Amino acid sequence: MIEKGHQVNPMGQMPGKSGDELLRVTGLKKYFPITAGVLRRVVGQVRAVEDVTLSIRSGETLALVGESGCGKSTTGRLLLRLLEATSGDISFEGKDIRKLDRRQLREMRREMQIIFQDPFSSLHPRMTVRNLIAEPIAFHGLAKGRSEIDEQVDRLMETVGLSPANRNRYPHEFSGGQRQRIGIARGLAVRPKFIVCDEPISALDVSIQAQVLNLLSQLQRDNGLTYLFISHDLSVVRYISDRVAVMYLGSIVEMAETAKLFAAPRHPYTSALLSAIPVPDPSLERAGRVILEGDVPSPSNPPPGCAFNPRCQFAESRCRVETPKLRPIAAPDGTSTQVACHFAEKIDLKGVGPNVPAAGQ
Amino acid sequence: MTYSATGFGSQDQNNAKVLQVENLETHFITRAGVLKAVDGVSFHIHAGETVALVGESGCGKSVTALSLLRLVPNPPGEIVGGRILLDGDDLLEMSQSEIEDVRGDRAAMIFQEPLTALNPILNVGNQLSEVILRHTKASKREARALVLDMLKRVGISDPESRLKAYPHQLSGGMRQRVMIAMALLANPALLIADEPTTALDVTIQAQILELMRDMRDQTGAAVLMITHDLGVVAEMADRVIVMYAGRIVESAPVRTLFASPAHPYTLGLMRSTPNLTTQRGELSAIPGLVPTLAALKDMEGCRFAPRCAFASQKCREHEPPLENASNDQSVRCWHWDQVLASQVAV
């Protein structure tokens, strides 16, 4: 089933008008059951995603950051229905993704792709690069006949910086960075509008990370792509994203434009996270560094009230009872930031970055 | 306790060299031939000094660290040349039982992944007591008291109950604290930390780095820190050694290295790492790939030349020696003066 619109533009889809809302997620939840005994009785629930509400505009990069177990990867998978959500709404270009049947979902998958973290386990080891990249093209019927498919494979390989001469090689013959390029080519093969990048450079060496980051930026510019960029590396997030959503224990605790989030965080967790980044500048003395105590609580047994309250230096009795909702608060410059903290207006937090002078200056 | 008061650094020339490595060569004998993972590496560490060994996967940094305590699996690995002097004693000359006495006592190691480095079927108390019982004449009761004290020092809450815990019952950060406690129990002169925070989340990483700084200051141990993270280097190290394809390519005090890297690879690493001031479009990647060890066999000239913007014909034909760019900065590059000059121009 090919819709007519897709055959018009040979290099990718019509980029949506920049700035329009492409994806909206409301009240997304995902609970995994904990079972016990031979009857696999449900004895509890891991609240992997507790409450995620966000929207992504066409052409932008929204970063989803947080520490391991905060639910950021689960959220990415829920958006593509690689996992079924427990509740909540996901609408992509106005269509409710959670209500699609199999056939409709298959069509929708052309618009939405994912690039995985581990280029070693996400490529079939016994398929050649040509077949790996051709698979989605053939599956979605985007080319007629072998020669047309080959043509597209070669062009995709060039686009991601691989030599088409290597098309008959197997994944193990490539380095990590090159394998990630194969993964990206596969994602691009169906000319999607939206790509979930799930820690796409975390498994790569430092000098290769920059190559892949630059490639992703280039592709976004050329094809008007929209990214959800899932990462734990705040330096990378600051570099690549337009907006950032910070997750903690299954919920978004802060969402703002990138520059603003780094310079003037409004949630105590964001501030602590920023303060923990090791900065590659030995001359920088970092005063007032917040070092969080303790660990992230278990998502199967979250603390009552605000999930961050046991580690928060500003926590008061209200935080231990009442869960704060994500709400807009006004910034001095007239714009607004979304924060889930009862005391966001009252507390004074430190940011990082070029606007923030080093200690004592 | 003089160390804690004065701070640390290579500038303290009175400090003895705790570790001196001379021309270390560790090879792997494989069907594909001899792979020179560590190819003529020399460096030293003073007491109380932290030296970071930096490089990408396959550069030989971890094999260097493992070689120091003769932990490279043999076969296929073999230390074929060089000297490793710990307080003057050559570890490569020692018998098996002598080197086992050194491990965990005079030199200790912290690994990247504490879950695989700790014994899963021994509880924390027994696992840590073993270090003391192995290396001293202390009784079990005394060992237990020392272990409890050390667990408190590394910031483990409720240490009494943790004594009975097994590694899988602890969080990642907690396990790394247990590893650090274990490494410090015998008060080693040399502490080797192989990517100690790579497996940890950023807020936990900050906790562990702070703990390591405190412990170094309290014990005055010489620390060799293996990492690929330039941020961690900047926060922890006094001196930095950069490795590429089995060779040291640059060595300098941390501030010198970050202010004026003299090797094109060091410069490339810094420019390809986003920090909190990098603007979009500023990130410049190093082209190409790290050469495989097998590919190095047929390589003449500088190992970085195929990826290097400064490379000339000379670089492709003759490998440069490690030479001094200044008193405390040494670099393996024919064109290091151009590399430094290029940064002034910017």
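Reader: Why is Glu93(A) called partly exposed?

Author: Its relative accessible area is 35%. Buried means under 20% relative accessible area, exposed over 50%, and partly exposed in between (1.4 Å probe, protein chains only). The value of Glu93(A) falls in between, so the residue counts as partly exposed. This is a predicted model, in which local features need pLDDT of at least 70 and side-chain atom pairs count only at pLDDT 80 or more, while totals for chains, interfaces and linings use all residues. Residues are numbered from 1 along each chain as its sequence is written, chains are lettered from A and ligands numbered from 1 in the order in which they are written, and side-chain values use heavy atoms, with hydrogens and water left out.

Reader: What makes the pair of Lys193(A) and Glu93(A) a salt bridge?

Author: The closest N and O atoms of Lys193(A) and Glu93(A) are 2.9 Å apart. A salt bridge is a side-chain nitrogen of Lys or Arg within 4 Å of a carboxyl oxygen of Asp or Glu, so the pair qualifies. The two residues are 100 residues apart and link distant parts of the chain: Lys193(A) is in the loop between H5 and E7 of chain A, and Glu93(A) in the loop between strand E4 (87-92) and strand E5 (95-96) of chain A. These helices (H or I, at least four residues) and strands (E, at least two) are DSSP runs, numbered from the N terminus.

Reader: Is Lys193(A) buried or exposed?

Author: Lys193(A) has a relative accessible area of 15%, so it is buried.

Reader: With which residue does the side chain of Lys193(A) meet in a salt bridge at 3.4 Å, N to O?

Author: The partner at that distance is Glu111(A). Glu111(A) lies in helix H2 (residues 102-111) of chain A, 82 residues apart from Lys193(A). Both Glu111(A) and Lys193(A) are buried.

Reader: How do you know that Asp150(A) forms a salt bridge with Arg130(A)?

Author: Their closest N and O atoms are 2.6 Å apart, which is within the 4 Å of the definition. Asp150(A) belongs to helix H4 and Arg130(A) to helix H3 of chain A, so the pair ties together parts that are 20 residues apart in sequence. Asp150(A), at 22% relative accessibility, counts as partly exposed, whereas Arg130(A), with a relative accessible area of 8%, is buried. Elsewhere, Asp39(B), Arg247(B), Arg303(B) and Glu319(B) are joined into one network by salt bridges that share partners. Over all chains, the structure holds 29 salt bridges.

Reader: How many salt bridges are counted between chain A and chain B?

Author: The count is zero. Even so, 41 residues of chain A are in contact (heavy atoms within 4.5 Å) with 41 residues of chain B.

Reader: What is the area buried between chain A and chain B?

Author: It is about 3,600 Å², and carbon and sulfur atoms give 57% of it. Buried area is the accessible area (1.4 Å probe) that two parts lose on being put together, summed over both. In chain A, Val206(A), Tyr239(A) and Pro282(A) lose the most area to chain B, together 20% of what that side buries.

Reader: Which elements of chain A give two or more residues to the side that touches chain B?

Author: They are H6, H7 and helix H9 (268-276) of chain A. H6(A) supplies the largest share of that side, seven residues.

Reader: Why is Leu292(A) called buried?

Author: Its relative accessible area is 6%, so it is buried, the limit being under 20%. Leu292(A) sits in the loop between H9 and strand E11 (327-330) of chain A. Not counting residues up to four places away in sequence, the residues that Leu292(A) touches include Tyr269(A) and Phe308(A), as well as Thr203(B) and Gln207(B).

Reader: Why does Thr128(A) count as buried?

Author: Thr128(A) has 11% relative accessibility, so it counts as buried. Thr128(A) is found in the loop between strand E6 (112-115) and H3 of chain A. Beyond residues up to four places away in sequence, it touches Arg167(A), Asn168(A), Arg169(A) and Tyr170(A).

Reader: What makes a set of residues a nonpolar core?

Author: The residues must be buried Ala, Val, Leu, Ile, Met, Phe, Trp, Tyr and Cys, joined through side-chain atoms within 4.5 Å. The largest nonpolar core has 41 residues, and Ile133(A) and Leu188(A) are among those that touch the most other members. H6(A) gives the most to this core, with seven residues.
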